[in-house]
Amino acid sequence: MPYTVHEASERILAPIRPLGAELVALRDAHGRVLAEDILSPIEHPPWDNSSMDGYAVRAPDVAGASVAAPVRLRVLETVRAGQRPSQPLLPQTAIRVMTGAPIPAGADTVIRVEDTDAGEDTVEIRDARDAGRNVRPRGEDLRPGVVAVPRGMTIGAAQLGVLASVGCVEVPVHRRPRVAVLSSGDELVDVGDFDAVRRGDRIVSSNSYTIAAGVLEAGGEVVDLGIVPDDPDAYVDRLTAARGCDLLVTTGGVSVGAFDFTKDVLKSLGAELHLWRIRMRPGAPLGFGMLKEMPWLGLPGNPVSAMVTFELFGKPLIRKQRGESRLFRRPIEVRAREEITIAAPLTHFLRAVVSFESDGAWACLTGPQGSGLLTSMARANALLVVPAERPVVRAGEALSALPLSDAGYSASFEL
Ligand code: AMP
Ligand code: MG
């Protein structure tokens with residue numbers, strides 16, 4: 001009995017563990033997942049500092065200052081960011097400070113330069129609104145021993161900046177999975193042999209490109225095993241190149257055709273089959289197993305089936321290996337623009353264009369939904385999920401959709 005989509009996801013992810021840690025240079029850590037808590041060894045900022053270009057003063061000295069009744073103070077010195085004041089602030093004086101410069105002892109206020117005459121020897125304060133403000137206390141952002149970035153966090157731009165701030169020059173991150181990608185089929189050639197396609201003998205192995213790109217999108221590294229004919233010996237031979245990889249992804253040859261050898265080859269190598277066939281369309285004939293330590297995901301050959309199953313099961317697997325805790329795309333609620341009927345009691349993942357209108361998100365199908373029609377995938381920005389128990393969905397009814405890569409972007413600035 002085939003598995004539901006949900007069961008299949010659970011069975012595939014159950015044996016998968018995050019890969020071990022490695023140290024990478026800070027610049028290479030972007031997009032990786034932190035394998036250990038990183039503690040701050042320092043206080044940051046390291047000194048009380050000014051959040052304004054202006055004048056450090058004592059609040060009582062500027063009380064009541066206004067344009068009509070300005071307060072004039074002697075300026076003791078100018079301190080830039082990167083310098084230190086050479087003296088404490090005396091009563092009835094000011095020290096000119098730039099943003100980030102240390103606040104002199106005795107000051108509790110920085111009057112912004114816009115509220116002064118910008119004087120260098122003496123300064124006229126024309127507004128007291130900054131009294132008691134514009135001093136950023138030392139240690140406000142980080143204190144020694146606090147977790148600056150927690151393990152399990154994906155390192156984006158902000159995390160990278162925090163790691164830099166606390167001196168983390170080498171970052172412990174989960175290893176990126178090395179993913180072997182192999183396409184099988186006698187009819188396949190690489191794009192370099194396009195003459196064979198023009199002659200009408202062959203088709204290009206588009207899966208070699210879609211799945212490799214999907215591996216990169218999920219954060220894995222691709223080990224391209226190329227194309228293998230429908231010949232078990234050649235298949236076994238080619239799989240030796242997958243040694244040392246963290247995942248093997250094959251496409252094709254996993255259905256019930258007379259030349260569908262993938263499962264047999266994997267079994268002959270000692271693989272344990274955990275799953276075969278899912279109650280979904282496209283993508284029903286999907287295989288999953290463990291070849292000793294290495295998981296194997298056997299995607300169907302049809303180009304749309306391969307992409308959809310890789311999106312649903314392959315990307316979460318790779319994300320789990322690379323230490324991510326959020327593995328799955330979050331579905332969004334959309335309404336169908338048109339009536340949709342599904343012919344078989346299977347969960348359908350239909351190629352759709354979701355547009356965000358003033359009255360919510362709407363989904364239009366991209367057109368014919370055959371699992372060989374890769375252009376339908378290229379036009380789609382979402383997979384519209386039609387459950388098996390809803391053979392007819394009327395226009396305007398709500399459904400879930402899984403956004404594909406660009407669905408979150410807008411052509412206009414909508415804020
Ligand atoms: P299979 O899963 O091997 O039965 O293949 C199903 C369909 O997908 C057939 O029409 C194949 O020609 C096609 N196909 C299989 N592998 C690929 C591939 N790597 N690229 C493009 N189409 C493929
Ligand atoms: Mg085939």
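**View 1. A nonpolar patch on the surface of the predicted model.** In this predicted model, the residues V191, F194 and Y209 form a nonpolar patch on the surface, and together they have about 270 Å² of accessible area.

**View 2. The largest nonpolar core and its members F313 and F349.** The largest nonpolar core has 36 residues, and of these F313 and F349 touch the most other members. At least two residues of this core are supplied by each of α1 (5-13), β12 (178-184), α5 (206-218), β16 (247-251), β19 (287-291), β20 (294-299), α8 (303-321) and β25 (382-386). The element that gives the most to this core is α8, with 8 residues. When neighbours within four places in sequence are left aside, F349 is in contact with V5, M280, R281, P282, V308, L312, L383, L384, V385 and L402. Apart from this core lies another one, made of 18 residues, among them Y235, A242, C245 and W296.

**View 3. Helix α5 and what covers its buried residues.** The buried residues of α5 are N207, S208, T210, I211, A212, G214, V215 and A218. The elements that cover these buried residues include β12, β15 (221-228), β16, β20, α8 and α9 (374-379). Just after α5 comes G219, which takes a positive phi of about 95°.

**View 4. L39 in strand β2.** The residue L39 is found in strand β2, which runs over residues 38-39. With a relative accessible area of 46%, L39 is partly exposed. Not counting residues up to four places away in sequence, L39 touches G145, V146, V147 and A148. L39 and L142 are 103 residues apart along the chain, and their C-alpha atoms are separated by 9.4 Å.

**View 5. The salt bridge between R32 and E22.** The count of salt bridges in the model comes to 20. In one of them R32 is paired with E22, and the closest N and O atoms of the two residues are 2.4 Å apart. This pair links distant parts of the chain, with R32 in the loop between β1 (21-25) and β2 and E22 in strand β1, 10 residues apart. R32 has a relative accessible area of 9% and is buried, whereas E22, with a relative accessible area of 31%, is partly exposed.

View 6. R58, at 27% relative accessibility, counts as partly exposed, while D61 is buried, with a relative accessible area of 10%. R112 forms a salt bridge with D115, where the closest N and O atoms are 3.9 Å apart. D115 has a relative accessible area of 8%, which means that it is buried, as this value is under 20%. Salt bridges that share partners join R112, D115, D127, R129 and D130 into one network.

**View 7. H174 in strand β11.** The residue H174 is found in strand β11, which runs over residues 170-174. At 13% relative accessibility, H174 counts as buried. Not counting residues up to four places away in sequence, H174 touches P18, L19, G20, A21, R32, V33, L34, A35, R322 and G323.

**View 8. P85 in a loop.** The residue P85 is found in the loop between β5 (71-79) and β6 (93-97). Leaving out residues up to four places away in sequence, P85 touches E77, V79, P102, I103 and P104. P85 and L415 are 330 residues apart in sequence, and from C-alpha to C-alpha they are 43 Å apart in space.

How values were computed: Residues numbered from 1 in each chain as written. Chains lettered and ligands numbered in written order. Predicted model: local features only at pLDDT ≥ 70, side-chain atom pairs only at ≥ 80, totals over all residues. Heavy atoms only, no water. Patch = residues over 30% accessible without salt bridge, like charges linked within 9 Å, V, L, I, M, F, W, Y side chains within 5 Å. Areas by Shrake-Rupley, 256 points an atom, 1.4 Å probe, with all protein chains shown as cover. Salt bridge = Lys/Arg side-chain N within 4 Å of Asp/Glu carboxyl O. Core = buried A, V, L, I, M, F, W, Y, C linked by side-chain atoms within 4.5 Å. Buried < 20%, exposed > 50% of the residue type's maximum accessible area, 1.4 Å probe, protein only. Helix = DSSP H or I, 4+ residues; strand = E, 2+ residues; numbered from the N terminus. Contact = heavy atoms within 4.5 Å.
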